[in-house]
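Hi,

Here is the structure I promised to pass on. Have a look at it first, and my notes follow below.

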Amino acid sequence: MVRSLRKLPRRKICENEGSHPMLETKGPREGQVRIPSGCAIAAIMDRTGGRHDGGDILKSIALMHDRSNGLGGGFAAYGIYPEYKELYAFHIMYESREARAETEAYLDKYFMSEKQERIPTEPVAAIKNPPDIWRYFVAPHPMRLANSGLDEAEYTMQHVFHINGKIDGAFVASSGKNMGAFKGVGYPEDIGEFYRIQDYDAWAWTAHGRFPTNTPGWWGGAHPFTLLNWSVVHNGEISSYDANRRYVEQFGYDCELQTDTEVITYLFDLLARRHGFSQETAAHIMAAPSWEDIDRMPPEEAAYQTALRTVYSSALVNGPFSIIIGSDEGLLALNDRLKLRALMAAEKGPMVYLASEQAAIEIVCPDAENVRSIEGGQPFVVQLDSVVAAKARESAENCPAREKPFRHEVEVHPRRKERAHA
Amino acid sequence: MLDYVLPRYRVMRDKDLCIQCGVCERSCSNEVHHVDEELGRVTANNAACVNCQRCVVMCPTQALAITRWPQVDSGSSNWTLETMQDIAKQAQTGAVLLSSMGNPKPYPIYWDHLLLNASQVTNPSIDPLREPMETRVFLGSRPEILKVNERDEKLSAPLPPQIRLDVPLMFSAMSFGSISLNAQKALAMAARELGTFFNTGEGGLHRDLERYADCAIVQVASGRFGVDPHYLGAAGAIEIKIGQGAKPGIGGHLPGEKISEEVSRTRMIPQGTDAISPAPHHDIYSIEDLRQLVFSLKEATGYSKPVAVKVAAVHNVAAIASGMARAGADIIVIDGFRGGTGAAPKRIRDNVGIPIELALAAVDQRLRDESIRSTVSLVAAGSIRSSADIVRAIALGADAVYCASAPLIALGCHQCQDCSSGKCNWGIATQRSDLVRRLNPEIAAERVVNLVHGWTHEIKEMMGGMGINAVDSLRGNRLMLRGVGLNEKELEILGVKYAGE
């Protein structure tokens, strides 16, 4: 069967109680068609790991109101669940009771849940008919994990894919540890208020305001897009989309939503998590130096760059984009090679600010220093101080995930003893 | 026996313009024209005309044009004149019908049903005159995961050998023997100038072309003509030819009279003997045998150059290509049924194989379904007619394409389909020294270089319109294509949406 033409699972909207009439738009929903969008993006991070509430990020993204059109907004926050930091925090949106029942039965089978609750929200006039939004703090079911032959992250990812692709009316908004995404249909400032993001403390915040050309129609299509600890906010329309999609789909990533953000997240997951590259190298692969530049390099460096471009030629991202990628390590910002989209950076002490517009930084930090625009194709990396220190001790060789021993096998007590072979 | 075969063409000579200079007579190796001093006019033996149009181009007064023979057929759509003439020929000779060049039958040309995209508003198109626009590609196999030392910016293990193309097209295999040395030299010179490759075919590498060996892909075909360690070692890459789009499942036969001293030396066979390429390789009766040959060639060359395997596009091509990748092929070449040839049985050429567009799409998708597409290179061949066809082929999933007919047309070929006669008036498909001399390799190379430069500009314009500045991002990017006039099954196999979707 030709994959690109397979029928995407249609998310039926349930007719019974708990359905959302507003979601029944005439046009196709996100995932059934590809919807080009323009956007506003912003991020704030404290390198020391100090946590700050969502007030500033809300103010920053609200300033760029005109860059979105009320059809999508959201936030990702890192460090918000320190009491459950060892557990995967699933934020799941439901469009019906049946979807929740089915999802919870599924989670019950494959995960052990420490806590589950409705995410507290506040009525906001502009936000109509939100889905039912829950969060779960879970660990993979130990036996099923051991029998899966997968590592913990891969196991969790596969089950997130299952819920998103196979359970009608359920969508996992985020699935990382000690992080979460808060997103929906509306202007970002209204979405932030709805989720009460000012009441969460995080060491890194990212935000997104969307300007889709069509009505995406449902909350799952809003951004940030997330997977495990990754969250991606993006502004642009990549022209390499189908080349990138068909590349990652070889390796089990199903691009259900047909969005740029989704495929960029999967590329990052493939390169950084599975292939073991640093985030900087992963970004470098996606916005590779030009052949003209490579031809001017000394031979050994040129050979290195040529090999990266040759092996990962289908991971090159083309067309206008500016992205901010959040993870447990920190933030990474990247512009397309030609710098076709705006993205500014600034610092103040341990704080780093990123935004589509300079004004969105200055409104929360009027005396920001080192204000500059991100260079085309040059990854801008901000890591937690603790991560920088840890990285310096690690090998500089990339270690693919499949070559690493499974934590759930080697860290089992009692530890396996080294035995001399006869 | 009375010959029932009618002329196919008729020479139209404008008496008012003709100055009886005799250029047409001297131009024609088929001896069509004759300046008849007694009659005081130029006569034509229409039956000998193959419509190569050399005389039309050479005539200083533009007095000549070739037209079809005006004979009407029987009125039957079933028993067309061509069908009946074929029967007449076979009734006369008892032989297999021989023909040349690509399949001329009106099968669907899928390229012409695929339209390209361009950016409007939501993302900008890119102007290739202002921004870099990259057409460079590498061919060879790659590891799925690259291991590097990021701090030192060094590779932990060397990359398998690659060949570099500055433009995503190469010149497909045409042997010395099937084409003249001057034609091959022109392609070699053009390949060097353009930063791409020509292919020796299975006729060996002539000593005059050894200085272009680094731009050569040398072929190892079932006849193994001209293959020795020197030949393998000199080339940029090696290609095992299993099959050819124009004649899948068929071997080759170069008659002894064409084995001149030079051809004999280059093919390493005695002068005057028939050069017979068996239908299969007699050491490849199965996929595991292919693996042995691939690795024999890699061993022979110290794993220093990529090994390509070329097959004709046949019904089960997707599974075959997947097997080739697993057998160690670094480059997979698929040759569609419209691909050209110097000589093929007409019934084979016109009836065997499948279109390259469908074969390419199926192979690319199968390799992706098997998660191995990124580890091999894929080259499409078999009638690439323009830069737009190249863009379509890459968007369907090819890394690069092979072209042969188009560069030959640049050299003067008019697709008369009479290559096998060895009397090519353009000096291309002939070994007759008086005809070969007509093709000046330097000028011919310049024409090919001009053609490819023009195409490259057009490719850049089309990519820029799509908002793409590197050919890497076009490869397999089927969203850049939309179908028109195709049914659902065709769209499904091509993996493209219908225009308006």
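Two residues are taken to be in contact if their C-beta atoms, placed from the backbone, lie within 7 Å. Please keep in mind that this is a predicted model.

Let's start between the chains. On that criterion, 42 residues of chain A are in contact with 47 residues of chain B. On the chain B side, the elements giving two or more residues are β8 (148-149), β9 (154-155), α10 (356-369) and α15 (488-494). By class, this side of chain B has 16 nonpolar, 15 polar and 16 charged residues.

Within chain B, there are two domains: domain 1 (9-95) and domain 2 (137-472). Their centres, taken over C-alpha atoms, are 35 Å apart. Nine residues from domain 1 of chain B and seven residues from domain 2 of chain B make up the contact. The domain 1 side has three nonpolar, five polar and one charged residues.

After α3(B) comes B:Gly94, with a positive phi near 70°.

Over in chain A, take a look at α7 (residues 260-274) and α8 (residues 279-286): their axes come within 9 Å and cross at roughly 130°. A:Leu267, A:Phe268, A:Leu271 and A:Ala272 in α7(A) meet A:Gln279, A:Ala282, A:Ile285 and A:Met286 in α8(A). These residues divide into seven nonpolar, one polar and no charged.

Best wishes

Key
Residues numbered from 1 in each chain as written. Chains lettered and ligands numbered in written order. Predicted model: local features only at pLDDT ≥ 70, side-chain atom pairs only at ≥ 80, totals over all residues. Helix = DSSP H or I, 4+ residues; strand = E, 2+ residues; numbered from the N terminus. Nonpolar A, V, L, I, M, F, W, Y, C, P; charged D, E, K, R; others polar. Domains from an automatic or database assignment. Axes fitted to C-alpha atoms, helices over the stretch in contact; angles between N-to-C directions.
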